[in-house]
Amino acid sequence: MIRALALIAGLALPRAGDTQGFLSNAPYVPTPQSTVDRMLELAKVGPNDFVIDLGSGDGRIPITAAKRFGARGVGIEIEADLIEKSRFDAKWEGVADRVTFKIEDLFTTDLRPATVLTLYLFRELNIQLRPRILEQMKPGSRVVTHDWDMGEWEPDESLISPAPDKPVGLDRNSKIFLWYIPAKMAGRWRLETTLAPGRAATVTLAQEFQRFEGGLESDGAQLKVDGRARGTAVKFTVPGASPWSGAYEGTAEGDALSGEIVRNGAVAGRFTARRL
């Protein structure tokens with residue numbers, strides 16, 4: 001769903017916590033069913049997923065996630081009549097045991113249960129929600145939006161999908177953006193590799209969204225580190241010709257990291273790291 005009045009009339013968007021009155025006075029535009037299907041396909045929704053849809057409108061995203069993909073979920077909406085319609089449709093489609101609908105403020109909804117978060121909100125609202133999304137959702141969870149991105153947080157994937165049933169726009173296409181909640185890489189790590197047995201390096205990283213960079217220090221030597229997290233899948237490089245140099249490809253699990261070191265296109269060794 002998207003509240004269209006502000007876009008048409010050029011109204012100022014609200015601060016966090018001031019969304020109830022703004023959204024309740026604005027009509028919604030439903031996400032086209034063709035776009036709903038493509039969003040859920042791009043996010044690879046399956047039976048093990050829990051989908052939260054913020055601004056769920058008539059409930060078509062959670063209902064489709066349950067009926068077609070076997071997921072569970074909840075729709076968050078502020079309009080009581082839309083909640084009632086969503087509940088009726090969920091019963092009609094035979095998925096009322098797997099989806100629920102609640103009247104809640106977008107900025108107070110608990111996002112921690114979500115493995116997939118869906119949004120059809122203005123870009124400014126997406127950006128206001130962004131800190132809460134990154135704080136509450138687990139690394140590897142997915143966020144998928146319709147038409148509006150997340151500002152400086154660049155998507156991991158994006159596409160343009162034909163939407164002949166779209167009620168707004170001239171070209172009848174939908175932009176779809178997908179993000180994976182990145183592993184938390186910022187901080188200091190103790191790194192060990194099979195290429196430097198008996199030795200350890202300290203890696204200090206700063207992170208902005210899925211990108212991180214910093215330095216590796218060992219025996220007085222300092223090397224640059226540059227990398228990216230796609231969910232829990234982490235890749236970073238250490239340039240040069242030291243025992244630590246190479247392309248590191250691994251998996252982050254909380255405060256631990258492990259994987260392989262690639263040199264000249266072949267696996268040259270393995271590494272482990274633990275947050276200090």
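Helix H4, spanning residues 60-69, is mostly covered, with seven of its ten residues buried (under 20% relative accessible area, with a 1.4 Å probe and protein chains only). Helices here are DSSP runs of H or I with at least four residues, strands are E runs of at least two, and both are numbered from the N terminus. This is a predicted model, in which local features need pLDDT of at least 70, side-chain atom pairs count only at pLDDT 80 or more, and totals for chains, interfaces and linings use all residues. Residues are numbered from 1 along each chain as its sequence is written, and side-chain values use heavy atoms, leaving out hydrogens and water.

The buried residues of H4 are Ile 61, Pro 62, Ile 63, Thr 64, Ala 65, Ala 66 and Phe 69. Among the elements that cover them are helix H3 (33-42), helix H5 (80-92) and strand E4 (72-77). After H4 comes Gly 70, with a positive phi near 75°.

## Aromatic pairs

Let's turn to the rings. The whole structure holds nine aromatic pairs (ring centres of Phe, Tyr or Trp, the latter by its six-membered ring, within 6.5 Å; planes under 30 degrees apart are stacked, over 60 edge-to-face, the rest tilted). Trp 153 and Phe 209 are stacked, because their ring centres are 6.1 Å apart and their planes are at 10°. Both Trp 153 and Phe 209 are buried.

Phe 236 and Tyr 248 are also stacked, at 4.6 Å centre to centre and 10° between the planes. Phe 236 sits in strand E14 (residues 233-238) and Tyr 248 in strand E15 (residues 246-253), twelve residues apart.

Key: Buried means under 20% relative accessible area, exposed over 50%, partly exposed in between (1.4 Å probe, protein chains only). Contact means heavy atoms within 4.5 Å.
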